[in-house]
Amino acid sequence: MADVFKMPKLGESVTTGTVTRWLKAVGDTVDFDEPLLEVATDKVDSEIPSPYSGVLLEIMVPEGETVEVGAALARIGAPGESGGTAGRALLSPIVRQLAARHGIDLATVQGSGVTGRIMREDVEAAIARASVPPSATSSAPPATSAPSAPAVRLGPRDEAQPLSRMRLAIGERMVESLRIAPHVWTSVEVDMQAIEEVRRRHKEQFRREERTSLTYLAFIARAACDALRAFPVVNSSIDMQARTRVLHHYVNLGIAVDLSEQGLVAPVIRDADGLNVRGLARAIRALGEAADAATFTPDDLAGSTFTITNPGPFGGYASAPIINQPNSAILSANMVSRRPTAVGDAVAVHYMTILGFSYDHRAFDGVTASRFLACLRDMLQDRDWEAELG
Amino acid sequence: MAERDLAVRMFEVMALMRAVEDRMVTMYRQGELLGSLYTGHWHEAIAVGTAAALRPTDVLAPLHRDLGAHLWRGLEPWQVMASFMGKAASPTGGRDGTLHYGRLDLGIINPVSHIPNNYPVATGAAFALKYRGTDGVAMAYCGDGATSRGDFHEALNLAAVQRLPCVFIVENNQYAYSTPLTLTTAAADFASKAVAYGMPGVQVDGIDVFAVHEAADNAVARARAGHGPSLIEAVTMRMHGHAEHDPADYVPSELAETWAKRDPVEECGARLVELGFLDEDGVAAVQAQARKTALEHRNKVLDMPMPEPDDEEGRVYAD
Amino acid sequence: MPTDTAVTTVSYLEAIAEALGSEMEADPDVFLIGEDVGQFGGAFKVTKGFLDRFGPRRVVDSPIAESGFTGLACGAALMGLRPVVEFQFADFISCAFDQIINNCSRHHYRTGNPIPVTFRAPFGARLRAGPTHSQSVEAYFAHVPGLKIVAPATPQDAAGLMISAIRDNNPVLYLESKYLYRRIEVPGPLSLDPVPIGSANVVREGRRVSLLTYSVGVHQGLEAAEQLAGEGISVEVVDLRTLVPLDVATIAASVNKTSRAVVLHEDARRLGYGAEIAATVQEECFWRLDGPVVRIAGKNTPIPTSPLLEDAAVPQLPEIISTLRRVATT
């Protein structure tokens with residue numbers, strides 16, 4: 001989940017601050033301690049360093065505005081997060097009019113306003129792009145495509161960067177997955193309190209022994225493998241042309257791994273359903289090391305039957321990932337946070353999380369999805385994890 | 001104008017003023033008028049006596065109790081009634097009403113209620129007459145109450161220092177709405193205020209049209225000769241309320257009764273008989289004719305149409 | 001002494017004087033009245049030399065009597081003369097408020113008789129002259145039906161609008177900028193063609209945002225536009241020239257083109273004339289707007305005297321630039 005940076009109190013009696021200049025724009029990477037913006041108060045003008053690292057996802061307060069101390073100024077988080085909705089949501093009359101008149105889907109338009117807002121010029125650029133005939137490279141492999149002229153009209157403040165092979169490949173795969181599979185998203189809320197308590201009890205020792213953290217992901221992966229055995233159709237691959245579904249009597253678990261924000265890959269833990277929590281934790285660690293060392297081979301990346309993506313610490317409340325073909329579904333493990341929940345008739349504050357689940361509606365239907373998730377949830381909540389780890 | 005003709009004409013216009021205003025009081029009570037009715041009962045000698053001293057090419061800036069001056073210049077009684085009724089044919093086409101009538105073609109400047117705004121405006125008319133090298137005169141009217149405002153002072157001062165051909169009339173009828181003279185000024189009279197501006201000031205009996213006329217003649221002659229402005233205070237009594245809705249209970253009955261005996265129209269009629277210009281029947285006939293005319297004008301105006309909105313924003317600016 | 005090769009320049013003040021003198025030559029019904037306009041040549045010397053040139057009949061030194069000489073001007077105008085009335089500072093026009101509102105502005109509507117008078121009012125701040133010598137008065141009078149109001153920003157327009165104001169058969173309030181009197185000059189000679197009342201002028205074309213302004217604001221706007229051009233932000237500057245009647249067509253065309261409107265004036269923000277402009281833009285251009293109409297205006301305070309205080313009370317270039325930048329990019 002992204003961090004929200006709030007207006008700091010820059011003096012004893014200071015109650016408000018005015019944003020005078022943003023030193024970063026939406027989409028820029030921000031490092032911890034890097035100057036983020038300039039603020040003016042009654043007493044003093046200050047350059048404010050960022051307390052978070054990540055990508056500046058959203059600017060909530062534009063230059064020139066004055067807000068109270070503690071007001072949200074910006075969101076900083078992982079790239080590609082759904083964020084900046086406040087800025088994007090403001091569609092001005094001219095933006096709507098131009099979009100309607102020219103058949104532009106505003107969801108596909110990048111906003112260049114400081115808060116991420118879609119401005120008139122952005123729609124005009126989209127219109128101009130839409131009128132450019134499709135390039136011959138759209139169906140060729142990325143490596144052999146010749147670069148074509150950008151459809152975006154470059155202004156003095158625009159910088160064109162060529163896309164990497166990996167970026168192009170990911171782009172192709174994502175578009176293709178959405179194209180062939182009707183994605184339906186559902187979710188389940190899981191009370192992770194019990195797992196949290198087990199984690200706490202074991203984490204120090206685990207770290208000593210395994211040289212890695214005992215993460216939620218390991219528990220979720222373990223429960224997922226068991227749930228997949230109970231619901232084999234979720235672990236299948238579908239071939240509409242062959243009119244067959246292939247059931248896999250093993251779980252090759254793909255785990256989405258971010259490669260320094262340059263791309264996303266899903267290396268595979270083979271026969272994951274044969275591993276317990278400890279085994280999965282080790283396997284996940286190994287993937288992390290391979291990612292850091294950039295030592296994945298094509299074999300590492302192929303053959304998954306099910307995939308888990310783990311925005312985890314950077315993640316938001318919930319997320320709706322794109323299915324890793326040829327899987328029939330993908331699970332997202334999001335932020336675990338303390339929230340009030342009903343325990344009997346009382347309210348308690350437990351560690352809770354939302355598991356997101358995008359599935360291919362060609363392969364199975366909502367009842368199956370819900371039952372799968374319920375099974376997964378129950379395993380996470382009810383299993384004797386202490387016994388497994390001990 | 002020969003002395004007799006002038007005297008008779010003055011009487012006729014005074015009688016007409018009285019008849020028209022009496023008729024309008026009746027119309028008011030009969031619900032035929034739009035709003036308030038302001039009359040100049042007991043101001044007839046002042047209104048007519050002063051106007052009679054002017055040439056048609058001179059300019060007047062009268063107020064609401066000077067109907068006789070308008071009538072002298074040629075304004076028709078029905079036009080006044082139309083103004084109080086908001087008729088399309090009123091001098092302002094219904095855009096203004098009540099006492100806000102005038103006709104620039106007759107040299108009468110239409111007043112506003114922010115009295116005495118007309119005083120500086122009259123100085124401007126005088127300025128223009130002098131500027132063009134004519135010996136024309138501008139005459140301005142206000143009441144005792146209006147002398148309290150700054151425009152009274154500024155106009156008199158400006159006219160005097162620029163030696164403008166102005167005659168300033170102060171109609172002292174002793175009441176400004178409910179404010180008696182004693183709460184309007186601590187000065188003994190208004191005529192003596194003229195000295196503060198370096199101009200002559202005279203006080204005359206406002207009931208006596210001949211006295212008023214003589215004073216006006218002198219002031220006009222003075223102005224025409226290029227000697228500058230002067231002030232005439234004509235003393236009378238406001239016999240009706242400030243407007244017809246005002247019963248004027250604040251006027252001590254003694255004062256009202258005393259002044260009731262000095263009707264300027266009656267006194268003028270009597271004087272004409274004295275001078276042999278008319279006999280008593282003649283006087284009565286004039287007054288009867290005046291009442292007849294007033295009724296005829298009422299009948300004429302009653303059926304006139306009311307104005308409809310018609311490019312109102314387009315009327316705001318002159319072309 | 002000017003030689004054949006010397007380039008003559010005309011200042012804003014000189015342009016007013018030249019136009020005034022030219023109209024007085026052309027039309028014998030034009031006369032001047034005000035305090036110190038004759039013998040002294042005017043407090044700012046706009047009418048220097050006029051007494052000698054035209055004589056005391058046509059250049060009238062009035063006593064201190066704003067209401068009096070305004071009423072006088074109305075009476076004279078009703079008689080067909082064309083008075084040009086000078087208020088020594090626009091701040092003193094309040095002394096004549098009654099005459100302007102009640103006698104002058106509504107007379108034609110009431111009677112059909114025109115009052116062709118021109119009121120000259122040196123207005124505006126930035127001269128350390130304080131709360132009673134720095135006022136902008138257009139907002140009060142813009143509300144009154146029957147008046148026209150002009151506020152030239154350039155010497156050429158000062159001349160052209162003075163001529164139009166005098167020739168107009170309606171009362172015209174002519175707002176001359178004290179600040180600009182001697183601060184701007186243009187190469188001569190001046191054209192003495194009348195500039196139509198009710199016509200705005202796009203003094204700088206742009207694509208990204210429209211700055212709608214008048215008087216001093218035009219010069220600030222041009223400077224801001226120049227700086228912002230270096231940042232790739234293209235500002236269109238519209239000099240309103242006439243406040244009443246407003247040239248809605250030119251304003252709407254500009255804002256419909258750029259989709260962003262910023263209004264700038266020195267007068268206090270609350271119910272300053274910018275409020276009328278903003279409301280009009282909103283009505284005319286809403287469906288083409290990319291953001292709210294923004295006003296840059298003076299503070300809601302009287303104009304203070306001391307320099308730092310006065311500078312903080314009226315719009316300055318940095319604020320204008322940052323507001324334009326924000327509107328253009330947010």
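## Exercises on chain contacts, a helix pair and a sheet

In this structure, 17 residues of chain A are in contact (C-beta atoms, placed from the backbone, within 7 Å) with 13 residues of chain C. The model is predicted: local features need pLDDT of at least 70 and side-chain atom pairs count only at pLDDT 80 or more, while totals for chains, interfaces and linings use all residues. Residues are numbered from 1 along each chain as its sequence is written, and chains are lettered from A and ligands numbered from 1 in the order in which they are written.

**Exercise 1.** Determine which helix supplies the largest share of the side of chain A that touches chain C, and classify the residues of that side.

*Solution.*
- Helix H2 (residues 93–102) of chain A gives the largest share, four residues; helices (H or I, at least four residues) and strands (E, at least two) are DSSP runs, numbered from the N terminus.
- The classes are seven nonpolar, six polar and four charged residues. Ala, Val, Leu, Ile, Met, Phe, Trp, Tyr, Cys and Pro count as nonpolar, Asp, Glu, Lys and Arg as charged, and the others, Gly among them, as polar.

**Exercise 2.** Describe the contact between chain B and chain C.

*Solution.*
- Chain B contributes 32 residues and chain C contributes 32 residues.
- On the side of chain B, helices H5 (118–131), H6 (150–161) and H12 (312–316) each supply at least two residues.
- The largest share, nine residues, belongs to H5(B).
- That side of chain B comprises 16 nonpolar, ten polar and six charged residues.

**Exercise 3.** Characterise the packing of helix H6 (residues 216–230) and helix H9 (residues 366–382) of chain A.

*Solution.*
- The axes lie 9 Å apart, at an angle of about 135°; axes are lines fitted to C-alpha atoms, for helices over the stretch in contact, and angles run from 0 to 180 degrees between N-to-C directions.
- H6(A) is therefore oblique to H9(A), since angles under 35 degrees count as roughly parallel, over 145 as roughly antiparallel, 65 to 115 as roughly perpendicular and the rest as oblique.
- Residues of H6(A), including A:Phe219 and A:Ile220, meet residues of H9(A), including A:Phe372 and A:Leu376.
- This contact has eleven nonpolar, no polar and one charged residues.

**Exercise 4.** Give the strand order of the seven-stranded sheet in chain C, and identify its edges.

*Solution.*
- The open sheet has the order E3-E2-E4-E5-E7-E6-E12, with mixed pairing; two strands pair if DSSP finds at least two bridges between them.
- Strand E3 (59–61) and strand E12 (242–244) of chain C are the edges, each pairing on one side only.
- Within chain C, three bridges join E4 (residues 82–86) to E5 (residues 118–123), and these strands run parallel.

Key:
Two residues are in contact if their C-beta atoms, placed from the backbone, lie within 7 Å.
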